[in-house]
Amino acid sequence: MVLAVVGAALVVSVTTVTTAAAAPEGRRDGVWVAAWSGSPEGLFPLMLPRGARSGTRSRQITLREVIHPSVGGTMLRVRITNVFGVEPLPVEAATVAVSARSGAIVDGTLQVARFHRRRAITLPAGGEVVSDPIRLGTKPPEDLAISIAVPSGTTSATQNLDPQQHNFAAWGSRTSQLTGKGFSASPAWSWISDVDVLRPSPAHAVVTLGDSLTSGTGSTIDANDRWPDVLARRLDQRPGNSTAVVNAGIAGNQLLRATSWSPSAISRFQRDVLSQTGARTVIVLEGVNDLNNGSAVMASALITGYRRIIAAAHQAGVRVIGGTILPFEGYALWSPIKEIERQRVNTWIRKGGAFDGVIDVANAVADPSDPRRIGPSFDSGDHLHLNNDGYAAIAFAVPLDGL
């Protein structure tokens with residue numbers, strides 16, 4: 001790695017600055033483990049703050065992004081990514097604090113993020129960086145607010161577009177501002193991809209790899225009612241819980257094929273699953289979009305894709321749990337042929353023996369009177385996505401002892 005100082009900023013001239021280890025990384029005072037993720041899906045236009053630029057504030061934009069760690073810790077570190085960027089990204093300042101309402105942060109919790117002991121860093125196109133450890137203790141159910149200042153001319157960002165969470169943006173350098181004054185709502189997670197926490201005792205992470213059903217489309221915004229969140233709350237109620245849950249869901253994601261809005265699950269598996277600190281188990285809930293979009297794939301192709309993921313995980317020493325594909329009759333793209341293929345895939349998941357464990361998600365949310373459909377009490381209304389009760393049903397179908 002080659003480092004150079006230009007003014008006050010640290011310029012990193014390698015594609016990957018540092019990555020989190022797949023195995024827990026120990027310290028004398030604890031163990032690092034992944035606690036949150038917002039899987040990047042592509043380079044998209046940055047939604048600029050409302051209002052006009054004024055005075056010196058026109059030099060920068062501050063993004064304040066709200067995230068929900070699944071477990072607490074005594075310290076944390078943040079990964080910033082420019083993986084889909086086509087030009088360098090200057091990060092001119094960054095802070096972390098406990099989040100309050102409407103873009104505000106809790107007084108007394110603000111901490112400056114540093115990168116190789118400096119407050120500013122420039123990431124090359126395709127680069128990423130993990131911050132130095134930040135002395136901020138966290139505990140559920142607190143949300144964190146991560147604020148990043150970038151030049152006001154920045155027009156695009158590596159993003160996750162469907163976070164089910166209001167984030168915020170403002171003109172000027174406001175990373176240390178306590179109130180939400182001047183911030184306007186922003187719909188995406190931009191540049192923030194992962195947060196690790198330092199646990200005082202051994203810990204490991206369960207990574208949930210999926211599409212919009214894992215990212216939580218249809219759940220209540222800002223309520224953290226995605227099924228991985230509910231699963232994390234179940235785990236955290238157990239005395240001495242040492243298991244974190246990391247959400248690697250991307251709306252519209254497909255197992256096999258990349259699209260204009262996201263890479264395939266197979267192609268992002270190394271980055272979004274195996275590189276998570278302390279990852280020991282992955283739950284795979286993918287496939288419905290492969291059946292639905294474009295020319296629908298056959299069950300045999302999906303099974304081949306699952307086998308590729310299983311082999312990669314096992315090579316890295318990670319267990320793989322398969323989730324059956326949810327029913328979706330009534331959805332606009334459903335057809336009898338797709339239903340036949342879904343049933344074939346689910347039969348293989350349940351009985352094929354390739355996965356280390358199976359969660360029968362389909363059975364958990366199906367209408368008992370018509371298993372080809374989502375139960376009415378779980379349906380968000382489009383016959384594909386779930387409401388809060390439906391996502392809770394998935395979470396409660398997961399046997400905790402198996403994790």
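Tutor: Let us begin with a convention about angles: those under 35 degrees count as roughly parallel, those over 145 as roughly antiparallel, those from 65 to 115 as roughly perpendicular, and the rest as oblique. Please keep in mind throughout that this is a predicted model. In it, helix α2, which covers residues 227-236, packs against helix α8, which covers residues 388-396, at an angle of about 50 degrees, and their axes are 8 Å apart. The two helices α2 and α8 are therefore oblique to each other, and their crossing is right-handed. On the side of α2, the contact is made by Trp 227, Val 230, Leu 231 and Arg 234, while α8 contributes Tyr 391, Ala 392, Ile 394, Ala 395 and Phe 396. If you sort the residues of this contact of α2 with α8 by class, you find 8 nonpolar, no polar and 1 charged.

Helix α2 also has a sheet to lie on, for it stretches across β19 (204-210), β20 and β21, running at about 180 degrees to β20. The sheet is an open one of 5 strands in the order β20-β19-β21-β22-β23, and its pairing is parallel. Its edge strands are β20 (243-249) and β23 (357-359), each of which pairs on one side only. Ignoring direction, neighbouring strands of this sheet are turned against each other by 25 degrees on average.

Helix α5 (residues 299-315) packs with helix α6 (residues 336-351) at an angle of about 35 degrees, their axes being 9 Å apart, and α5 passes α6 in a right-handed crossing. From α5 the contact takes in Ala 299, Leu 302, Ile 303, Tyr 306, Arg 307 and Ile 310, and from α6 it takes in Glu 341, Arg 344, Val 345, Trp 348 and Ile 349. By class, the contact of α5 with α6 comprises 8 nonpolar, no polar and 3 charged residues.

Some local details complete the tour. In the loop between β14 (156-160) and β15 lies Gln 164, whose phi is near 55 degrees, a positive value in a residue other than glycine. In the loop between β12 and β13 (144-151) you will find Pro 141, which a cis peptide bond joins to Pro 140, with omega at about 5 degrees. The structure also holds 16 salt bridges, and one of them is formed by Arg 79 with Glu 128, the closest N and O atoms being 3.0 Å apart. This pair links distant parts of the chain, since Arg 79 belongs to strand β7 (residues 75-81) and Glu 128 to strand β12 (residues 128-130), 49 residues apart.

Conventions
Residues are numbered from 1 along each chain as its sequence is written. This is a predicted model: local features need pLDDT of at least 70, side-chain atom pairs count only at pLDDT 80 or more; totals for chains, interfaces and linings use all residues. Side-chain values use heavy atoms; hydrogens and water are left out. Axes are lines fitted to C-alpha atoms, for helices over the stretch in contact, and angles run from 0 to 180 degrees between N-to-C directions. Helices (H or I, at least four residues) and strands (E, at least two) are DSSP runs, numbered from the N terminus. A crossing is left-handed if the near helix is turned anticlockwise from the far one by less than a right angle, and right-handed if clockwise. Contact means heavy atoms within 4.5 Å. Ala, Val, Leu, Ile, Met, Phe, Trp, Tyr, Cys and Pro count as nonpolar, Asp, Glu, Lys and Arg as charged, and the others, Gly among them, as polar. Two strands pair if DSSP finds at least two bridges between them. A salt bridge is a side-chain nitrogen of Lys or Arg within 4 Å of a carboxyl oxygen of Asp or Glu.
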